[in-house]
Amino acid sequence: MTLRCGDGEGKYSITNHNSIGIEVCVNEDGDYDKAVENTVDLVKYLMEKHDVPLDRVVRHYDVSRKICPRSMSENNWGKWLEFKRKLREKAVNELERDLKNLTEIGIINSPDYWLQNAVKGKTVKGEYAAVLIERIAEVINKKEGKYDE
């Protein structure tokens, strides 16, 4: 077994048993920016697969206080903050795309509401959820020929 969380011994509540470790490795002749973009895609995928909110995506530094990832530590962790911004932006872009599609087919008519409230940690009003369920059911029933006009 490889231990990646370092010597924090879980004192920051993050251990090898309750986390996923990802290393951004770039060869000397490699493309750092491409490696970071690939990592954004991987982290976003893992966040969705394992239902991990953005505030739980942390650095090795947050686990052990080791200056790691060193490649992101300059300028008061500027590249790390940019990495987190890209994760947040990617999530918003995907939600905006999905909301546009749902608006176009008539499932929702209040995309601004959903953009503000359809995020982890927020509660959607029951009336909005009820209308959403009704409209989704209507679209499915029409598609399957079960809808009576």
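How many nonpolar, polar and charged residues are in the lining of the largest pocket? There are 18 nonpolar, eight polar and six charged residues. Nonpolar here means Ala, Val, Leu, Ile, Met, Phe, Trp, Tyr, Cys and Pro; charged means Asp, Glu, Lys and Arg; the others, Gly among them, are polar.

Before you click: this is a predicted model, where local features need pLDDT of at least 70, side-chain atom pairs count only at pLDDT 80 or more, and totals for chains, interfaces and linings use all residues. Residues are numbered from 1 along each chain as its sequence is written, and side-chain values use heavy atoms, without hydrogens and water.

Select Ile20, Gly21, Ile22, Val58 and Arg59. Of the 32 lining residues, these are the closest to the centre of the largest pocket. Its volume is about 940 Å³ (the space filled by probe spheres set on the grid points). A pocket is an open set of points on a 1 Å grid where a 1.4 Å probe fits, with protein on both sides within 12 Å along at least five of seven lines; lining residues have an atom within 4 Å of a point.

**Stop two: α1.** Select 32-50. α1 gives the most to this lining, with five residues. Helices are DSSP runs (H or I, at least four residues), numbered from the N terminus.

**Stop three: α3.** Select 74-104. Centre on Leu81, where α3 bends by about 30° (the angle between axes fitted to the seven residues ending there and the seven starting there). Now show Trp77, Trp80, Phe83, Lys84, Leu87 and Leu99, which are buried (under 20% relative accessible area, 1.4 Å probe, protein chains only).

**Last stop.** Select Gly106, which follows α3 and has a positive phi, near 85°.

Technical notes
Helices (H or I, at least four residues) and strands (E, at least two) are DSSP runs, numbered from the N terminus. Buried means under 20% relative accessible area, exposed over 50%, partly exposed in between (1.4 Å probe, protein chains only).
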